[in-house]
Amino acid sequence: MARFRTWVGIAVAGALGVSLTACSSTGGKRAEDARKAAAAQGRAAVNTPRWTFAMITHSGDGDTFWDIVQSGAKQAAVKDNINFVYSHDDEAQQQAQLVDAAVDKKVDGIIVTLAKPDALKAAVARAEKAGIPVVTVNSGSQESKAFGALTHIGQDETIAGEAVGDELNRRGRKKALCVLHEQGNVGHEQRCDGVAKTFHGTVQKLYVNGTNMPDVQSAIEAKLQADKSVDSVVTLGAPYADTAVKAKGDAGSSAEVDTFDLNAKVAAELKDGTLGFAVDQQPYLQGYQAVDLLWLYKYNGDVLGGGKPVLTGPQIITKDQAGALAEYTQRGTR
């Protein structure tokens with residue numbers, strides 16, 4: 001029925017394009033573009049089997065980062081004729097159970113994050129034993145190969161942290177507060193440790209409950225009030241950057257707020273100078289490449305990376321680049 005509706009929509013768009021072309025060349029061009037867009041959203045570019053790929057992440061509810069990851073994965077799934085299924089849980093044991101459920105359903109490929117790798121090891125091994133190819137994405141680059149995954153797609157968290165430390169040095173900062181919003185996430189620890197490795201100043205870690213934004217704001221505010229020497233706050237996710245900005249204001253602090261990851265709000269605040277810089281790991285690309293790589297493996301036995309992670313970041317984004325990226329963040333691809 002869904003395929004029937006899609007073809008009906010394409011036919012209607014085509015008919016509309018013909019009628020508008022008779023009215024004017026401009027109208028005809030717009031209608032043709034609309035028809036092509038409608039067709040692209042509903043038709044695969046290949047005739048390979050309708051495989052099912054499951055993505056299981058450690059995301060909590062309402063995290064815009066994972067909306068962008070899904071956007072890329074879904075676009076690749078349309079192109080590759082893939083039935084894409086997404087699930088998530090920020091509790092590691094629950095995430096592992098979701099992987100087990102995907103194995104039980106005999107999916108054709110699994111994409112999984114390894115934010116807390118020890119809890120996922122057995123589930124990933126079960127998938128491998130069942131002959132289901134696995135790609136790790138976003139977190140778990142150091143464990144991915146050992147767990148038997150085809151490859152890992154994402155940024156190296158330590159390298160990303162080091163890039164932040166270098167940028168803080170360029171900005172003349174002396175004391176940074178690194179805000180960790182998910183305890184036990186190895187990637188978050190690696191980011192903050194990476195900052196400390198290259199930063200010439202002092203780095204302090206602040207652990208907060210990322211599922212409760214008022215508490216996050218209160219914790220950052222209290223720390224800034226207690227220590228006026230903090231001149232930089234580094235958040236590890238885009239949704240927390242604006243919260244840190246509010247905490248800074250309430251604390252009467254002059255600290256610069258910088259963040260990992262990018263979304264429309266972060267791009268706007270970079271452009272107007274509210275934020276200093278952001279570290280983009282290109283989540284759209286992570287989702288897109290994970291699906292596409294699994295398809296390539298199923299279709300042609302292809303594997304990227306040569307045993308090494310396929311890096312999608314880091315890229316430092318400042319006020320100078322934010323304007324050019326605004327369009328992409330608005331459409332949900334950056």
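**A helix pair and the aromatic pairs**

The axes of helix 11 (residues 264–271) and helix 13 (residues 319–330) come within 8 Å and cross at roughly 150°. The model is a predicted one. Angles over 145 degrees count as roughly antiparallel. Helix 11 and helix 13 are therefore roughly antiparallel to each other. Their crossing is left-handed.

Which residues in helix 11 and helix 13 meet? Helix 11 brings A264, A267, L270 and K271. Helix 13 brings K319, A322, G323, T329 and Q330. By type, the residues of this contact between helix 11 and helix 13 split into four nonpolar, three polar and two charged.

Now to the aromatic rings. How many aromatic pairs does a search of the whole structure find? The search finds three. One of them joins F65 and W66. Their ring centres lie 5.1 Å apart, and their planes stand at 75°. Planes over 60 degrees apart count as edge-to-face, so the pair of F65 and W66 is edge-to-face. Are these two residues buried or exposed? Both F65 and W66 are buried.

Another aromatic pair is formed by W295 and Y299. Here the rings are 5.0 Å apart, centre to centre, with 15° between the planes. Planes under 30 degrees apart count as stacked, and the pair of W295 and Y299 is stacked. Both residues sit in helix 12 (residues 283–300). W295 and Y299 are four residues apart there, so about one helical turn separates them. W295 has a relative accessible area of 9%. Buried means under 20%, so W295 is buried.

Conventions:
Residues are numbered from 1 along each chain as its sequence is written. This is a predicted model: local features need pLDDT of at least 70, side-chain atom pairs count only at pLDDT 80 or more; totals for chains, interfaces and linings use all residues. Side-chain values use heavy atoms; hydrogens and water are left out. Axes are lines fitted to C-alpha atoms, for helices over the stretch in contact, and angles run from 0 to 180 degrees between N-to-C directions. Helices (H or I, at least four residues) and strands (E, at least two) are DSSP runs, numbered from the N terminus. Angles under 35 degrees count as roughly parallel, over 145 as roughly antiparallel, 65 to 115 as roughly perpendicular and the rest as oblique. A crossing is left-handed if the near helix is turned anticlockwise from the far one by less than a right angle, and right-handed if clockwise. Contact means heavy atoms within 4.5 Å. Ala, Val, Leu, Ile, Met, Phe, Trp, Tyr, Cys and Pro count as nonpolar, Asp, Glu, Lys and Arg as charged, and the others, Gly among them, as polar. Rings of Phe, Tyr and Trp (its six-membered ring) pair if their centres lie within 6.5 Å; planes under 30 degrees apart count as stacked, over 60 as edge-to-face and the rest as tilted. Buried means under 20% relative accessible area, exposed over 50%, partly exposed in between (1.4 Å probe, protein chains only).
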